[in-house]
Amino acid sequence: MALTKKGEFWYGTTSGDTQAELRSYSIANRHETVRFAASKCDCGCRTFALQTDEEAGVAIRTCTDCGQEHLMGDSADYVEEAAPETHECVCENEVFELMSGVSVHEGTHNVRWYYIACHCVECNLVGVFADWKCEAGDAAAFLAKV
């Protein structure tokens, strides 16, 4: 399915739809995403509850199957100062497939901006639920931890 707009929100069914919305959002933010990674738990599950604190630069995903919490990206460096809040879809669901994306500093592979897009497993809404400036070094190493 291609992205479909209903009212003020976008809906899709594939990770490609989520990635397309993330790219569009990042372009509008003037820090275009150039690398992407989908979240997957060690148990194999791909659905999570998400908590973030954009001011502190912290994201925590909790697996819906095994309950394991995972600090995303470089969040471990900032979690002590954070007050993460749980994300909820407009349909009130709190379970998402997650797609992370980063922009990089020109001419490097170093992270400049971090985006977290969500795909609601209940209503298929897709959108960027959190983003912040992020000086996290190598993009590949950063995205390996999402």
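I began with Ile60, which stands opposite Leu71 in E6; strands here (E, at least two residues) and helices (H or I, at least four) are DSSP runs numbered from the N terminus. I note that this is a predicted model, in which local features need pLDDT of at least 70 and side-chain atom pairs count only at pLDDT 80 or more, while totals for chains, interfaces and linings use all residues. Residues are numbered from 1 along each chain as its sequence is written, and side-chain values use heavy atoms, with hydrogens and water left out.

**Entry on E5 and its partners**

I looked up how E5 pairs, taking two strands as paired if DSSP finds at least two bridges between them. With strand E6 (residues 69–71), E5 is antiparallel over three bridges, and in their hairpin, which has five residues between the strands, Gly67 takes a positive phi near 80 degrees. Strand E4 (residues 48–53) also runs antiparallel to E5, joined by six bridges, and Gln51 stands opposite Ile60 in E5. That hairpin has four residues between E4 and E5, and Gly57 in the turn has a positive phi of about 80 degrees.

I then checked burial, where buried means under 20% relative accessible area, exposed over 50% and partly exposed in between (1.4 Å probe, protein chains only). In E5 (residues 58–63), five of the six residues are buried.

**Entry on aromatic pairs**

I searched for ring pairs of Phe, Tyr and Trp (its six-membered ring), requiring centres within 6.5 Å and calling planes under 30 degrees apart stacked, over 60 edge-to-face and the rest tilted. The count by this rule comes to four aromatic pairs. Tyr25 and Tyr115 have ring centres 5.9 Å apart and planes at 85 degrees, so I list the pair as edge-to-face. Because Tyr25 lies in helix H1 (residues 15–28) and Tyr115 in strand E9 (residues 111–120), the pair ties together parts that are 90 residues apart in sequence. Tyr25 is partly exposed, with a relative accessible area of 30%, whereas Tyr115, at 0%, counts as buried.

For Phe96 and Phe129 I found ring centres 5.2 Å apart and planes at 70 degrees, so this pair is edge-to-face. Phe96 lies in strand E8 (residues 96–104) and Phe129 in strand E10 (residues 125–133), 33 residues apart, and both Phe96 and Phe129 are buried. I also noted that ring pairs link Tyr114, Trp132 and Phe142 into a cluster.
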